Amino acid sequence: MSWGRAPLVLLGGGATLLVSILWMPALLPLASRLLLLPRALLSMASGSPPSQPSPASGSGYVPGSVSAAFVTCPSEKVAKEIARAVVEKRLAACVNLIPQISSIYEWKGKIEEDSEVLMMIKTQSSLVPALTEFVRSVHPYEVAEVIALPVEQGNPPYLHWVHQVTESVTDSGIAPSSA
């Protein structure tokens with residue numbers, strides 16, 4: 001054993017404990033996110049939304065109960081038609097159109113590049129399957145992009161509004177028609 005390592009060996013257990021205690025507050029945000037990982041992985045594997053945790057303190061919002069869904073369209077005209085339809089059908093509270101995005105992707109063995117319009121759709125997470133089916137039924141692409149991400153946090157009045165606007169669809173328990 002070299003003398004240079006002896007103090008570390010002798011203080012190893014105590015030093016580890018001291019460092020752990022001092023670093024604990026810095027590690028808490030990471031630890032709390034890691035605890036959510038199994039739930040997220042399970043929901044991705046099962047294809048079903050994650051079980052809803054209890055409402056965030058005081059806000060009444062259940063994290064993940066609202067989603068932002070993203071859909072790309074070939075033109076602003078198509079995007080506006082779909083956006084108006086999903087809002088009218090109460091599948092979404094709001095749709096933002098982001099024009100002139102560039103998409104680079106592989107399709108049928110070729111690298112493609114297109115100018116598209118991105119739709120950012122705010123809806124209840126429980127409505128994402130019905131939203132997806134509707135978009136697929138009216139979208140001109142052979143394979144329409146519809147991806148949704150749960151909203152963990154945000155402005156509580158806005159998140160409440162999203163629920164309120166789309167409430168009649170979820171209360172009926174019936175998926176809206178895709179006409």
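A: E76 and K80 sit 4 residues apart in helix α2, which spans residues 76-88, so about one turn of the helix separates them. Helices here are DSSP runs of H or I with at least four residues, strands are E runs with at least two, and both are numbered from the N terminus. This is a predicted model, where local features need pLDDT of at least 70 and side-chain atom pairs count only at 80 or more, while totals for chains, interfaces and linings use all residues. Residues are numbered from 1 along each chain as its sequence is written, and side-chain values use heavy atoms, leaving out hydrogens and water.

Back to the pair: E76 and K80 form a salt bridge, 3.4 Å from N to O. That term takes a side-chain nitrogen of Lys or Arg within 4 Å of a carboxyl oxygen of Asp or Glu. E76 is partly exposed at 41% relative accessibility, and K80 also comes in at 41%, partly exposed. (Buried is under 20% relative accessible area, exposed is over 50%, and partly exposed is in between, using a 1.4 Å probe and protein chains only.)

Helix α2 holds another pair, E81 and K77, again 4 residues apart. Their side chains meet in a salt bridge at 3.3 Å, N to O. Here E81 is partly exposed at 46%, while K77 counts as exposed at 59%.

What about elsewhere? The whole structure has 5 salt bridges. One of them joins K110 and E112, with the closest N and O atoms 3.9 Å apart; K110 is exposed at 52% and E112 is partly exposed at 22%.

For contrast, take K122 in strand β3, residues 110-124. K122 is buried and has no salt bridge, with E145, the nearest side chain of opposite charge, 15 Å away. (Lys and Arg count as positive, Asp and Glu as negative; His and the chain ends are not counted.) Leaving aside residues up to four places away in sequence, K122 touches several others, including S67, C94 and Y158, where a contact means heavy atoms within 4.5 Å.

One caution on confidence: pLDDT, the predictor's confidence in each residue from 0 to 100, averages 78 over the protein, and 62% of residues reach 70 or more. Residues 5-35 stay under 50, with 3 contacts beyond four places in sequence. Where pLDDT is low, the predicted coordinates should not be read in detail.
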